[in-house]
Amino acid sequence: MDYDVIVIGGGLAGLTAALELSEKGKRTLIIEKNAHPGGRCSSWDDNGMIVESGLHKHLSFFKNMKEILKRVGVNIEDHFIWQKDMEILLPDINGTAVLGTAPFQAPKIFIKGVAGNKNQLTRKDKYSITSFIFSGLKDYFFNRQVLDRVSVHEYARKLKVTDRAYSYLIVPSTTGIFYMPPEEYSAKVYFDIIIPAITKRVGFYTAPMGDIIANPLAQGVKSRGGEIRLSTSVDKLIYEDEQVKGVRLQDGETLTASNVILATSITPAQHLLQECLGEHEWFSSILKMPSSSAVSIQLELSKPALSDDFIKFGPHTLLPVFAEQSRTTFKHVPGRLSVVLDQADKMLSMEDGEIYNHVAADAKKLGMDLDQLMTDYRVIRHENERFHIGPNHNWMKPDQKTPVKGLTLAGEYTKQPYHTTTEGAVISGKKAAQVIMNDRER
């Protein structure tokens with residue numbers, strides 16, 4: 001065999017699995033199709049502009065991610081700033097609502113947000129959203145299946161959340177967390193993140209993700225004897241005698257291994273599995289898994305677009321969540337705005353210039369004149385890369401261990417307690433590595 005383990009995909013799940021296995025002395029190879037490691041935790045130079053895969057957040061309960069980075073010399077707490085309030089820019093009434101996001105860490109800000117914002121939110125609005133949160137807490141702990149059967153939208157309507165509270169609070173927060181509108185994903189998934197978040201803290205990174213997460217992990221794999229091939233694509237799995245024995249690359253090269261970890265995003269994973277295991281009953285649910293897309297735009301500016309770098313929300317616009325980053329993540333430029341776009345499926349079919357024009361028009365409604373500030377921009381597309389976390393989809397998630405000898409799964413679409421988060425990716429990678437080590441010990 002050429003290797004003990006081949007990991008297909010150099011995202012956070014694949015990097016974690018490879019680090020764990022390399023530390024145990026396994027001859028490990030990561031194969032990554034992009035020119036940079038990290039997947040959705042990557043950053044890179046795009047013709048002179050440093051860009052990231054998207055606008056990222058950090059939650060203080062991300063314990064596994066903190067631990068894995070510490071092993072490669074990174075104290076992640078040195079690289080993020082806590083956000084204690086949620087500023088919502090309201091274009092239709094030309095106002096701003098500020099709500100506390102950390103009731104236990106910053107109670108004064110939280111109480112002030114509940115009591116204030118009288119011009120933006122009525123008492124009825126506040127009561128309805130409070131009822132929504134507390135009912136969600138109750139059902140989450142005592143009747144979780146109810147939450148998984150309905151979308152966030154359906155759950156909000158059932159609890160009679162007012163239109164204003166729904167559009168000003170729920171819509172931007174859901175898009176900001178999972179890059180999807182509340183009509184499309186499970187209420188359980190929403191509360192999976194909201195409940196830990198309201199008892200912990202939310203922050204954002206003060207350096208590009210590649211610098212503090214992806215590249216240190218990749219270097220950690222290499223320093224432990226692992227290999228990484230970038231700009232390399234896998235054409236198919238080598239499946240013989242009911243066993244996965246390696247991979248064939250698109251250039252025709254064949255690499256063999258005792259174990260293969262499939263750690264790509266859901267769509268390429270389905271493509272590789274379909275060809276050799278499409279008739280295998282165990283993989284039927286994986287092959288039916290729906291996917292979703294995300295699109296962001298990142299703009300370099302002649303000066304900051306906003307007065308601070310905290311994440312903000314823009315309901316009723318194409319800018320549901322955005323942040324200035326020139327004082328924190330991208331200090332080398334005078335201004336830097338990163339925006340997660342609404343209507344991702346619609347944005348995918350547009351040219352970059354058309355997307356910019358729509359964003360600039362909506363940004364002006366929020367008080368930002370991008371045409372006067374913009375010096376460069378990039379549109380980042382993630383087409384069908386995410387497991388679609390809609391109602392009744394959670395059961396489709398497979399274990400990391402498969403019934404096929406030599407094949408293990410890793411990634412956000414596998415069984416782990418979090419959804420589309422760095423913490424979930426790390427957990428899935430650790431679980432995949434443990435499957436292989438347990439099999440070897442038998």
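Here is a short tour, stop by stop. One thing to keep in mind on the way: this is a predicted model.

**Stop 1: helix α1.** Select residues 12–23, and you have helix α1, with 12 residues. From its first C-alpha to its last, the helix reaches 16 Å, close to the 16 Å expected at 1.5 Å a residue. How many of its residues are buried? The count is 11 of 12, so α1 is mostly covered because buried means under 20% relative accessible area. Among the buried ones are L12, G14, T16, E20 and S22. Now step just past the end of α1 and click G25, which takes a positive phi of about 85°.

Stop 2: Side chains of opposite charge can pair when their charged atoms come close. A search of the whole structure finds 22 salt bridges, and the next stops show some individual pairs.

**Stop 3: E412 and R40.** Select both and show their side chains: they meet in a salt bridge, 3.8 Å from N to O. The two come from distant parts of the chain, 372 residues apart. Look for E412 in the loop between β19 (407–409) and α15 (422–441), and for R40 in the loop between β2 (28–31) and β3 (43–46). E412 counts as buried, at 7% relative accessibility.

**Stop 4: R164 and D125.** Here is another salt bridge, with the closest N and O atoms 3.8 Å apart. R164 sits in helix α7 and D125 in helix α4 (residues 123–142), so this pair ties together parts that are 39 residues apart in sequence.

**Stop 5: E253 and R229.** Select these two and you'll find their side chains meeting in a salt bridge of 2.9 Å, N to O. E253 is in the loop between β12 (243–249) and β13 (254–262), and R229 is in strand β10 (residues 227–229), so the pair ties together parts 24 residues apart in sequence. E253 is partly exposed, with a relative accessible area of 31%; R229 also counts as partly exposed, at 25%.

Stop 6: Zoom in on E184, in the loop between α7 (163–178) and α8 (187–199). E184 counts as partly exposed, at 32% relative accessibility.

Key
Residues are numbered from 1 along each chain as its sequence is written. This is a predicted model: local features need pLDDT of at least 70, side-chain atom pairs count only at pLDDT 80 or more; totals for chains, interfaces and linings use all residues. Side-chain values use heavy atoms; hydrogens and water are left out. Helices (H or I, at least four residues) and strands (E, at least two) are DSSP runs, numbered from the N terminus. The expected span of a helix is 1.5 Å times one less than its number of residues. Buried means under 20% relative accessible area, exposed over 50%, partly exposed in between (1.4 Å probe, protein chains only). A salt bridge is a side-chain nitrogen of Lys or Arg within 4 Å of a carboxyl oxygen of Asp or Glu.
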